Amino acid sequence: MAQWIFRMKGCLGSKVYSEVPDGGWGWIVAVAFFLVEVFTYGVIKSFGIFLKDLMSDFGESNSRVSWIISICVFVMTFTAPLSTVLSNRYGFQPVVMFGGFLISLGTVSTAFTSSINQMYLSIGIVTGLGYCLTFLPTVTILSQYFSRRRSVVTAMASTGESFAIFAFAPAFTALKNCIGWRYTMVVIGTLQGIIIICGALLRPIVIKPKTSTGTEQKITSSLPEEQMQGSVSSGDSGVQSLDELERGLKSGKEQRELEPLQISPKQQDVSSKNKLLDVTVLKEGSFLCYSAFGLFATLGFFAPQLYVVELSASLGTERDKAAYMLSTMAVAEIFGRLSIGWVLNWGRIRKIFVLLGCVSLMCLVLVLFTIVNGFWGLAVCCVLYGFLLGNIASTHIPMLAEDDVVGIQRMPLAVGVYVCIQSFAGLAGPPLGGVLVDVTQNYRAAFYSCAAGMGLGAIFLGLVRPAKTGQLCSRRDNGQNNPTVEQVSKDKPEECLEVDNQDIKS
């Protein structure tokens, strides 16, 4: 047994590199993230095929059954800070593996429920919490394995959600017709156990740069307890980029300048506890603006999927043809996710400006939904919406790693706060659209509310970079007036540089 554990630690232990590999074991992590997308968001978006069966078996209304997914998504996003705390305390591997176990347990136990209230607990809470513990840690560690190729790899891996919609909807429908929805849930839960294997593959990445003097300094990107040991405090998450290490380890003189910043063991324990969740980002104007963008933009993500079929049917399109609108969105979303990765990897335009352009266009497309008439007009809107949704959905979380927002050093600790803020819009969005439709008796009203939310999101996104540069200017002014502050700022990592060296290389 001891030998087996030793071998497992060797095979699935930390991966040590002298610099960010932009590949290596990162490709395995990318495949793991693809599968996590398949068995989390792919299953969530395919759950609609069970709605009629649940309504007939339990004698419940459509709205009561729909709350299952609403609760699941809310728990998944609202508990994001818990995922961040656990990941930074115990590491990504055990957290994702435990999350995969919860997902499988919740889905399988759904087959034995006798009421909708019990499904609120099994799917809504247990499975929702499992989704939270798997998705965020996986996308976070994937960002740490890549630098120059980060955008394109993340975009490609995130297409698992779109491919799953194509595969699961017809497959689960056929399986349900053969063995019933309860046994189908058991099959789905068993398949979701693959996430446990994916979690085991998330090997922590260790950056051990070589210096000219032959000494090595160990910096760990995904094990917080190791991050703080023998590393230089950067005033944030404890994770350092290669550019900082190159600046700090080029010569013996610079090493001596960094020595006063070494942390004692007691300070390490205190720092690691304090940095399990980085709520200090709430003091930064750039992060607040970006969080407001995520909050309002999320309002624009639900209406087309929920109401485009009914809107098309209300305009005279046959219901069978109207169902193809969702398939059209899914196809366009795949191309959107792939194309945005290549555009961001091109590196000629700031990534946050590319995202701003996509959000602005999305707002216009949502308005266009309320103007066009007929099947083909809506089909064109669905193509545009799906393409832009793929652009935004695959980039808004990885964008936190850019220096215009919080940077790769603080992303593992700030992503939980960001997604938690988003959760309120995810919970309030569908009921808000439903109320507007009930009051106006027109499905276009839901699209107006989404367009308004997306427009507000675009405004706040446009303020992110000005807020970041404004903060930098104030720091420079303070440094000029106080020599002590200026000296300390030289020793600290240059977090607020307008252009990161990694961006230049890409």
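Helix H21 passes helix H24 in a left-handed crossing, a term for a near helix that is turned anticlockwise from the far one by less than a right angle. H21 comprises residues 351–369, and its axis comes within 8 Å of that of H24, the two crossing at roughly 160 degrees. Axes here are lines fitted to C-alpha atoms, for helices over the stretch in contact, and angles run from 0 to 180 degrees between N-to-C directions. H21 and H24 are therefore roughly antiparallel to each other, the class assigned to angles over 145 degrees. From H21, the contact (heavy atoms within 4.5 Å) involves Ile352, Leu355, Leu356, Val359, Ser360, Met362, Cys363, Leu366, Val367 and Phe369. The partners in H24 are Arg444, Phe447, Cys450, Ala451, Met454, Gly455, Gly457, Ala458, Leu461 and Gly462. By class, the residues of the contact of H21 with H24 divide into 15 nonpolar, four polar and one charged. In this scheme Ala, Val, Leu, Ile, Met, Phe, Trp, Tyr, Cys and Pro count as nonpolar, Asp, Glu, Lys and Arg as charged, and the others, Gly among them, as polar.

The model is predicted, with local features requiring pLDDT of at least 70 and side-chain atom pairs counting only at pLDDT 80 or more, whereas totals for chains, interfaces and linings use all residues. Residues are numbered from 1 along each chain as its sequence is written, and side-chain values use heavy atoms, with hydrogens and water left out.

Helix H24 (residues 444–462) also packs with helix H17 (residues 285–297), at an angle of about 170 degrees and with the axes 7 Å apart. H17 and H24 are therefore roughly antiparallel to each other, and H17 passes H24 in a left-handed crossing. On the H17 side, Cys289, Tyr290, Ala292, Phe293, Phe296 and Ala297 take part, meeting Gly453, Met454, Leu456, Gly457, Phe460 and Leu461 in H24. The contact of H17 with H24 has 10 nonpolar, two polar and no charged residues.

Tyr418 counts as buried, at 0% relative accessibility; buried means under 20% relative accessible area, exposed over 50%, and partly exposed in between (1.4 Å probe, protein chains only). Residues up to four places away in sequence aside, Tyr418 touches Phe287, Tyr290, Ser291, Phe293, Gly294, His396, Ile397 and Leu400. The C-alpha atoms of Tyr418 and Ala292 are separated by 9.1 Å, although the two residues lie 126 residues apart along the chain.

Most residues other than glycine have a negative phi. The phi of Gln441, by contrast, is positive, near 55 degrees. Gln441 lies in the loop between helix H23 (411–440) and H24, and counts as exposed at 66% relative accessibility. Asp22 likewise has a positive phi near 55 degrees, and belongs to the loop between strand E1 (15–17) and helix H2 (26–39). Asp22 is buried, with a relative accessible area of 12%.

Overall, the protein contains 27 helices and three strands, taken as DSSP runs numbered from the N terminus (helices, H or I, at least four residues; strands, E, at least two). Of its 506 residues, 53% are buried. Among contacts with a separation of 6 or more, 81% join residues 24 or more positions apart. The accessible surface amounts to about 22,200 Å², and 64% of this area belongs to carbon and sulfur atoms.

Methods:
Parallel < 35°, antiparallel > 145°, perpendicular 65-115°, else oblique. Areas by Shrake-Rupley, 256 points an atom, 1.4 Å probe, with all protein chains shown as cover.
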